[in-house]
Amino acid sequence: MAMTPHPDDLRLDALEPDDLDGHTIDELADYLDDGMQPADPTIDDSPACQNALAAIIRLRQSSMGSLDAAAAEEPPADESWIGGVLANISLEARAGRDVPLIPEAPTERPVMTEGAIRSLIRSAGDVVPGVVIARCSLDGDVTTLGAPVRVLVELAVRTGAPIHAAAEQVREAVATVLAEQTDLVVDAVDVHVRDVLPALPADADHEEDRA
């Protein structure tokens with residue numbers, strides 16, 4: 001089943017380099033392809049770029065086997081969808097708003113960036129078998145400590161994976177990582193299954209299990 005681009009998806013060529021500290025998602029993909037050599041401090045020292053690189057790696061590990069399996073049937077649609085996911089990764093990797101943490105001393109003002117939290121959400125969901133995270137977002141006043149926040153995760157599930165079980169695993173994984181590593185008051189984690197991807201070939205499936 002081909003994936004239909006979400007209305008909010010952006011074309012890669014419409015992304016602003018400022019989203020990734022002066023780099024584009026294509027440049028980061030090329031940097032990975034080159035083994036991240038020679039080292040580029042403007043990428044290596046950029047939290048936004050590092051979040052995006054990690055997400056690209058997980059996306060490649062999780063989805064490319066499925067895309068290869070479906071290539072003979074509908075490559076344009078699949079490639080378009082991957083482009084949309086990469087666009088979302090770029091936007092989510094931006095620092096965004098400062099999200100306060102509970103201080104341990106009166107003089108402290110600890111914060112996490114919104115981009116770092118979105119990266120946590122994506123990484124938690126990406127490890128669920130049979131799932132590819134398409135996008136994630138935070139809804140609420142994340143700049144106010146104690147304000148309720150809703151988390152939205154949109155994903156695709158591979159053919160053969162139990163949809164309800166996969167969605168529940170993603171919900172639990174995201175709720176757990178946010179409880180352990182942030183001080184957000186999470187009112188709900190909404191998981192929407194938007195599309196279905198072809199199943200991985202058997203050999204690619206084994207590779208993913210070892211990843």
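This is a predicted model: local features need pLDDT of at least 70, side-chain atom pairs count only at pLDDT 80 or more; totals for chains, interfaces and linings use all residues.
Colleague: What percentage of the residues in the protein chain is buried?

Modeller: A residue counts as buried when its relative accessible area is under 20%. The protein chain has 211 residues. The buried part of them amounts to 44%.

Colleague: In what order do the elements of the protein chain run from the N terminus on?

Modeller: The protein chain contains seven helices and five strands. Read from the N terminus, their order is α-α-α-α-β-β-α-β-β-α-β-α.

Colleague: What share of the contacts with a separation of 6 or more comes from residues 24 or more positions apart?

Modeller: A contact requires heavy atoms within 4.5 Å. Among the contacts in the protein chain with a separation of 6 or more, residues 24 or more positions apart account for 67%.

Colleague: How many residues apart are E114 and R118?

Modeller: E114 and R118 both belong to helix 5. Their spacing is about one turn of the helix, that is, four residues.

Colleague: Is R97 buried, partly exposed or exposed?

Modeller: Buried means under 20% relative accessible area, and exposed means over 50%. E114 has 7% and is therefore buried, and R118 is buried because its value is 10%. R97 has a relative accessibility of 31%, so R97 counts as partly exposed.

Colleague: How far apart are the closest N and O atoms in the salt bridge of R150 with D187?

Modeller: R150 lies in strand 4 (residues 148–158) and D187 in strand 5 (residues 185–197). R150 is partly exposed at 34% relative accessibility, whereas D187 is exposed at 51%. In the salt bridge between R150 and D187, the closest N and O atoms are separated by 3.5 Å.

Colleague: Which residues form the negative surface patch that includes D34?

Modeller: D34 is located in the loop between helix 1 (25–33) and helix 2 (41–44). With a relative accessible area of 53%, D34 is exposed. The negative surface patch consists of D26, E27, D30 and D34.

Colleague: With which residues is M112 in contact, leaving aside its neighbours within four places in sequence?

Modeller: M112 is part of strand 2 (residues 111–113). Its relative accessible area is 17%, so M112 is buried. Apart from neighbours within four places in sequence, the contacts of M112 are R97, D98, V99, L101, I117, L120, Q181 and T182.

Colleague: What distance separates the C-alpha atoms of M112 and D98?

Modeller: D98 is among the residues in contact with M112. Along the chain, M112 and D98 are 14 residues apart. The separation of their C-alpha atoms is 5.9 Å.

Technical notes. Residues are numbered from 1 along each chain as its sequence is written. Side-chain values use heavy atoms; hydrogens and water are left out. Helices (H or I, at least four residues) and strands (E, at least two) are DSSP runs, numbered from the N terminus. Buried means under 20% relative accessible area, exposed over 50%, partly exposed in between (1.4 Å probe, protein chains only). A salt bridge is a side-chain nitrogen of Lys or Arg within 4 Å of a carboxyl oxygen of Asp or Glu. Patches are made of residues with over 30% relative accessible area and no salt bridge: like charges are joined within 9 Å, nonpolar side chains (Val, Leu, Ile, Met, Phe, Trp, Tyr) within 5 Å. Accessible areas come from the Shrake-Rupley method with a 1.4 Å probe; for residues, only the protein chains shown count as cover. Lys and Arg count as positive and Asp and Glu as negative; His and the chain ends are not counted. The place of a charge is taken as NZ of Lys, CZ of Arg, CG of Asp or CD of Glu.
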